[in-house]
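Try each task before you read its solution.

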Amino acid sequence: MASTFGLAGDLPAEVTTGCGVRVPYAMTSPRPDRVTCLACREHARSGHLRLAEWVERLAGMPGAPVGPDQAEEAAARHRELAARFSET
């Protein structure tokens, strides 16, 4: 839609973190080494594990847009990220 009308959406000023706290968007990070809140780390860890399972399930469905090799690779990346979020 942005390319059609030449407009870009604004990022939200605040977001809700994994532990339920509203913080400025600039204070969030997808990098495991920068997340200090244990509840947020656990939220990210469980999200990556859940996504890894979904990707593997998707690859097994007829007509899936992802092949088994691609799904295995993507699931491994998400499991590795989940492990990084569980490190202290």
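Residues are numbered from 1 along each chain as its sequence is written, and side-chain values use heavy atoms, with hydrogens and water left out.

**Exercise 1. Confidence**

Task: find which element of the protein chain has the lowest mean pLDDT and which has the highest.

Solution. Start with the term: pLDDT is the predictor's confidence in each residue, from 0 to 100. Next, take the whole chain. Its average pLDDT is 84, and 90% of the residues score at least 70. Now go element by element. Helices (H or I, at least four residues) and strands (E, at least two) are DSSP runs, numbered from the N terminus. Where pLDDT is low, the predicted coordinates should not be read in detail.

**Exercise 2. Salt bridges**

Task: state how many salt bridges the structure holds, then examine the one between aspartate 33 and arginine 31 and the ones within helices α2 and α3.

Solution. A salt bridge is a side-chain nitrogen of Lys or Arg within 4 Å of a carboxyl oxygen of Asp or Glu. The structure holds 7.

- Aspartate 33 pairs with arginine 31, with the closest N and O atoms 3.0 Å apart. Check accessibility next: buried means under 20% relative accessible area, exposed over 50%, partly exposed in between (1.4 Å probe, protein chains only). Aspartate 33, at 54%, is exposed; arginine 31, at 39%, is partly exposed.
- Arginine 45 pairs with glutamate 42 at 3.4 Å between the closest N and O atoms. They sit 3 residues apart in helix α2 (residues 38–59), so about one helical turn separates them.
- Arginine 84 pairs with glutamate 80 at 3.9 Å between the closest N and O atoms. They are 4 residues apart in helix α3 (residues 68–86), so again about one helical turn lies between them.

Why does this spacing work? An α-helix has 3.6 residues a turn, so residues three or four places apart point the same way.

**Exercise 3. Cysteines**

Task: decide how many disulfides the structure has.

Solution. A disulfide is a pair of cysteine sulfur atoms within 2.5 Å. The search of the whole structure finds 0. Cysteine 37 is in none; its nearest cysteine sulfur, that of cysteine 40, is 3.6 Å away. That is too far for a bond. Cysteine 37 is partly exposed at 29%, while cysteine 40 is buried at 14%.

**Exercise 4. Helix α2**

Solution. First, the length. α2 has 22 residues and reaches 32 Å from its first C-alpha to its last, close to the 32 Å expected at 1.5 Å a residue (1.5 Å times one less than the number of residues). Then list the buried residues: Cys40, Arg41, Ala44, His48, Ala52, Val55 and Ala59.

**Exercise 5. A loop residue**

Task: locate threonine 28 and name its contacts.

Solution. Threonine 28 is in the loop between β2 (22–24) and α2. It is partly exposed at 32%. Contact means heavy atoms within 4.5 Å. Leaving aside neighbours within four places in sequence, threonine 28 touches Val15, Thr17 and Val23.

Terms used
Predicted model: local features only at pLDDT ≥ 70, side-chain atom pairs only at ≥ 80, totals over all residues.
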